[in-house]
Amino acid sequence: MGRRSGRYPAALVLILLALIGAGPPDEPCEHVVIVSIDGFRPDFYLGDYDAPALKAIAAAGARATGVESVYPSSTYPAHASIVTGVRPARHGIAANTTWTESGSTRNWYWHAKDLKARTLWQAAREKGLKVAITYWPTSVGADVNWILGEIWDPDRKETVKRLAGSASPGLLTELALGVGVPTEKIADDRSATDAFVCRMAAYVFKRYKPNLQFVHLLNVDEAQHKHGPDAPEVKSAVQLQDGNIARIRRAIEESGVADRTALLIVGDHGFTSISQNTAPNGLLKDAGLLTAEDGKITSWRAIIRSSGGSAAVYVKEAGDLARVREVLVGDGKLPYRLLERKELDALGYNSEAAFSIEPADGWAVTERIEAGLPTVKGNHGQLPTRPGLLTGFVAEGAGIQAGARIERMKLVDIAPAVALLLGLEMPGVEGTVPAGLLR
């Protein structure tokens, strides 16, 4: 009887592994480095871009033709899904910036305490593994071995001070001596920030050999916002970012643990072009559902909160729902459509929103009372299935199947894959390991 019962757990494990599409890798993986390129698009390694490092990984390692982000397809919700394997309704990061009664603030969801779901770094630490975070969204205050959390001063006056407060004791001093800190540029030059973060990531990996490391690079996203997805400036930004990836690859090669290390290059969203804004808060104001003075919201019964391309609609009283819907839909000729709660539930979207506003092509949703012109030429935040918004994924190294070609995967699939590589416990994830990704 005891022998029979002892076999059932093993059988169950095999069934579960079959369901998620992969078994444990057949070579030991003891270190995983996850590098996120903000605004990473598949055409950077599949198309006409000067990106030899990315293309080398894509050619010899694993690559995806496209990765579906989450809704909204914005940086902080997406990065939270990368590390938790669940969507915004469960991890709690429904937008980039925090929220008050007057609308969005200039403070982002910088702090790890805002995450409501289990993270890869928590699972790794519980197993006794060493973890490094070198600039990652929603990580300030995370309990890891080495950290420089992602944070800045919106007024660009105290960014270095805030960074120092987010870092492990003594780490910034060590980095200043080891790789230098561009204090004069780090507040407002994304390429300088990326160069520093990359040097830091390489230094930390070579010296400390963490079992799990997270790295976030920003400038490709910045270039696409400023100039549009297909501008020449984007190609230059991709070229610089590729050089950063090459530096991290060299650090892994020189670390002495390259044969036991997997490198994953991931993204959070793609990009679309925009040329016009729509301002639904103006409609709510005209209908008496919102009040504002000098363009600033003073009170509301209904309000929209932008996530770049799309927006959440909040309604305080259930009795106002029909009226809000009527105001926002109008004559049906507005440059957006409403997504109802049933559809939002299926998307794993912010559970506090009554509706969502999904704009037409070329449009974005602003929280301002007056629409005005967009301040950017490229954007994201809309439905992740919209053309252009798929993000990228390439991987190489220990446990990764060389030559793996994945047609389509989801952002929430990354966490279970990393968990399987390192033997971590991540119960309840919504993603599955892509078939064929792991050896």
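## Close-up views of a predicted model

**View 1. Lys209 sits in the loop between H9 and S8.** The model is a predicted one: local features need pLDDT of at least 70, side-chain atom pairs count only at pLDDT 80 or more, and totals for chains, interfaces and linings use all residues. Numbering starts from 1 along each chain as its sequence is written, and side-chain values rest on heavy atoms, with hydrogens and water left out. Lys209 isn't a glycine, yet its phi is positive, at about 50°. With a relative accessibility of 25%, Lys209 counts as partly exposed; buried is under 20% relative accessible area, exposed is over 50% and partly exposed is in between, using a 1.4 Å probe and protein chains only.

**View 2. Here helix H9 (residues 190–208) meets helix H8 (residues 171–178).** Their axes come within 11 Å and cross at roughly 100°. Axes here are lines fitted to C-alpha atoms, for helices over the stretch in contact, and angles run from 0 to 180 degrees between N-to-C directions. H8 and H9 are therefore roughly perpendicular to each other; that label covers 65 to 115 degrees, while under 35 is roughly parallel, over 145 roughly antiparallel and the rest oblique. On the H8 side, look for Leu171, Leu172, Glu174, Leu175 and Gly178; H9 brings Phe196, Met200, Tyr203, Arg207 and Tyr208. Contact means heavy atoms within 4.5 Å. Sorted by class, this H8–H9 contact has 7 nonpolar, 1 polar and 2 charged residues. Nonpolar takes in Ala, Val, Leu, Ile, Met, Phe, Trp, Tyr, Cys and Pro; charged means Asp, Glu, Lys and Arg; the others, Gly among them, are polar.

**View 3. H9 also packs against helix H11 (residues 232–254).** The two axes come within 8 Å and cross at roughly 10°, which makes H9 roughly parallel to H11. From H9 come Asp194, Ala195, Cys198, Arg199, Ala201, Ala202, Phe205 and Lys206, and from H11 Gln241, Asn244, Arg247, Ile248, Ala251, Ile252 and Glu254. The tally for the H9–H11 contact is 8 nonpolar, 2 polar and 5 charged residues. H9 lies across S1 (31–37), S6 (131–134), S7, S8 (212–217) and S9, at about 170° to S8.

**View 4. An open sheet of 8 strands runs in the order S7-S6-S8-S1-S9-S20-S2-S21, with mixed pairing.** Strands of a sheet pair through backbone hydrogen bonds, either parallel or antiparallel; a pair is called when DSSP finds at least two bridges between two strands. S7 (146–148) and S21 (405–406) stand at the edges with a single partner strand each, so one side of each has no neighbour in the sheet. Zoom in on S20 (residues 393–397): 4 of its 5 residues are buried, so S20 is largely enclosed by the rest of the structure. S9 (residues 261–266) runs antiparallel to S20, joined by 5 bridges, and Leu264 stands opposite Ala395. S2 (residues 62–64) is also antiparallel to S20, through 2 bridges, with Arg63 and Val394 as bridge partners.

**View 5. A 4-stranded open sheet has the order S14-S15-S17-S16 and antiparallel pairing.** From one strand to the next, the twist averages 25°. S16 and S17 (residues 355–359) pair antiparallel over 4 bridges, and Leu338 faces Ile357 across that pair.

View 6. Tyr71 and Pro72 are joined by a cis peptide bond with omega of about 5°; Pro72 is in the loop between S3 (67–68) and H4 (75–84). Tyr135, in the loop between S6 and S7, has a positive phi near 75° without being a glycine, and at 4% relative accessibility Tyr135 is buried. Asn379, in S19 (residues 378–379), is buried too, with a relative accessible area of 8%. Leaving aside residues up to four places away in sequence, Asn379 touches His225, Phe271, Thr272, Ile274, Gly308, Gly309, Ala364 and Leu389.
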